[in-house]
Structures are given as C-alpha cells and as structure tokens.
Amino acid sequence: MVHFSKPLIQTKVQVKIKQTHNPQVIKIVPVAGQVSDIRVNSTTNRVYYVFDENLVGVLDGNTNKVIGSVQTGDGATFLAVNTRTNRIYSTNFRAANVTVINGKTNKVITNVPVGERPFGIAVHRISNRIYVANTSGTISVIDGVTNRVLKTIKVGGSPALIAIDERTNRIYVTNVMKDSVHVIDGTTLSVIKTIKVGKNPIITPGIIPETNRIYVANNLSRFASVISGTTLGKSKPIQLGKLQSELAVNDLTNLVYLTSAQQEGKGKLFVVSGLTHTITATLSIPTFSSLLVNPLTNRYYVGDTDTRNLFVYSGLTNRLLVKLRTGQSAGSMALNKRSNRIYVGNENSITVVQDHK
C-alpha cells in the first residue's frame, strides 16, 4: 500500500544567519476549501495552492488576498513553479495530465497528457524541463517551451516524488514499489543509476548541494537513507528507530530534519548532522505534523495538523521559540525567500507568518 506524504523542495539561499524577533502571524486568509499542496513564486510574490481536487487558488502576497482560481484536470495533487518563466504546473492524478498555468494571467495554457496517475512533479528552471512521476511506472519529461512531452522514461514500479539538483542537473525520483531512487541525467534524459533505499520512500528527497548528498526518508523503515551524488554508490542507512513522514534540510547549516510516522501517541523529530549522519537532537512533536525549514533565519516550523498550533524552533539550540495559532489544521507550508514569509495551508484558510531576521 502506498502512503502519500506532501513534498517539500529546498532551495539554497546565500545569506548571513541572524536572529532577532520571533515570527508572528500577520493574517489568516479565508479560502474556499481544504488546502493541500502550496507553492510560492518568490519573484512575483504570488502563492499557489490546491483545493477541492481540481482547482488551484492564487493568493497575492502583497495584499494577502485571493485574486483568483484556476480549473485544472481532475485530481489535482502537487504543484511546481518555474520562477524564470512564471509558469505553474499541476499534476492531475485522475486526469493523467499536467495543467500548465500562465502566472501573469492566471489562465490555463494547456493540459499536457502524461502517464497514468501522475503524482510528484519538479522543475529544472535553467533547462526549462518539467519532470513528472507517474505512479503507473513511467517518468514524463515536459519541454517548458513547447509544452510537449520530450521523453517518457520507463522504470516500472511506482515512481512517486522528485527532487532536482539544479547545479548538477540530476533528477532523483523515489519509487515506492521498488524501494529505490532513480537518478536521471538531465542532459541525456536517461536513468544512470537506480539505488536501493528503505521501504516506501513516499517523501520528497532533500538535497544539500555543497556536499552533493541526497537524503531519503523511508515511510516503512526505521532508518533513513543517504546517497552520495558524487559516487552514486550504495545508499547508507541513518538509524532512527522510527518510521518517517516528513523530511527537510538546511543546506546552510548542513542539518537534516526528519519526523516520525506515528499512528498514535507523540511523534518524534530527529535532527541529523549532515557531516557525521548521527542524531544530534530528538524532539517530541504532535502525532500528525508538517515540517518546514527556513534557512534565512535558521528556524524550523512544525505544524500540528490536528489543531491550530504551529511550533517554531531555533535551529541553533533546538529550543521552542514560540507557539503560533494558525487556521484550523496547520498543514503544508511554503517559504517566500524574498519576503521571508511562510504560508501555511489550513482547512478553509491560509495563515501568513512573518519571520524576522
């Protein structure tokens, strides 16, 4: 059985880390439905979110007001944004296509047919190629200029979620049926290696570009996996003693954050050194939670999806800084790297949090 989890894609930002004031909620914006995936275009200061399974809402980050919604194909699941072209992409699980949205007009440009049951999606901004994991056993590569499928890569099993290293132009795709990660060369569009990891890696991998290491959370194993992007050798286990549900990295501090997949009782958050791959801290967190790391301020956020609580921790001391009140059910989160604002998807609302350097 495949267990779905929201993806989280990291972007490197070169800044000096300095902490002063605690983050604060500046607005809770009503929206029409349960927010699932949420993404930000930091260039245009617009926020995109999936709701009602076939709609993408658009929030203006300047006014904190909803300015429109876009009809997608049936079963909208995950979003990806190309900030260079101002295009937004939605995988539509039941429609077997990807909706391409013009970020300037908030209109649909086209729906691109891909493989059956498309799930994870990611963009390589420089090459303007969009990678789609079809859980039916293929990976589709879309040309962002022509909006046509350049290539369909057959891998079998059930490809799920995708992370891209912009610098090396390598694409990492988890396969939950094969318990592996496919490594794709973005130039040749071919699989150059398939690496075994733990069971059911239904979580977006995290990448630390400086060390060229890829971290994989395993939803049904009590260890995480680390892959060397330099050697592409066998993955190395990071023993956690718990199943995993979320993963995020801080590529400025070389730390990896993993949460456990608890079905009852308290969950756990593990802070792992990217240098030694040992656990440096363990925190008790809500049973069902979401996770986001802000490298700009060296803070990490844990949302309680059963309540309105959002816990903010110091990445320096791992101590709780503040507990914020969001809209009901603090779910998926996205960071605007320019405004240093975090958007939290809720049930019928989006909470806007201002972090402070």
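**Chat: a buried tyrosine and some salt bridges**

Q: Is Y343 buried or exposed?
A: Y343 is buried, with a relative accessible area of 0%. Buried means under 20% relative accessible area, exposed over 50%, partly exposed in between (1.4 Å probe, protein chains only).

Q: Which strand holds Y343?
A: Y343 sits in strand β30, residues 341-345. Strands (E, at least two residues) are DSSP runs, numbered from the N terminus.

Q: What kind of model is this?
A: This is a predicted model, where local features need pLDDT of at least 70, side-chain atom pairs count only at pLDDT 80 or more, and totals for chains, interfaces and linings use all residues. Residues are numbered from 1 along each chain as its sequence is written, and side-chain values use heavy atoms, leaving out hydrogens and water.

Q: What's the average pLDDT of the protein chain?
A: It averages 93, and 94% of the residues score at least 70. pLDDT is the predictor's confidence in each residue, from 0 to 100.

Q: New topic. How many salt bridges are there?
A: The structure holds 6. A salt bridge puts a side-chain nitrogen of Lys or Arg within 4 Å of a carboxyl oxygen of Asp or Glu.

Q: What does R299 pair with?
A: R299 forms a salt bridge with D355, with the closest N and O atoms 2.4 Å apart. R299 is in strand β26 and D355 in the segment after β31, so the pair ties together parts 56 residues apart in sequence.

Q: Is R299 buried or exposed?
A: Buried, at 2% relative accessibility. D355 is buried at 2% too.

Q: And which residues form a network?
A: E53, D74 and R94 are linked by salt bridges. D74 and R94 meet at 3.0 Å, N to O.

Methods:
Helix = DSSP H or I, 4+ residues; strand = E, 2+ residues; numbered from the N terminus.
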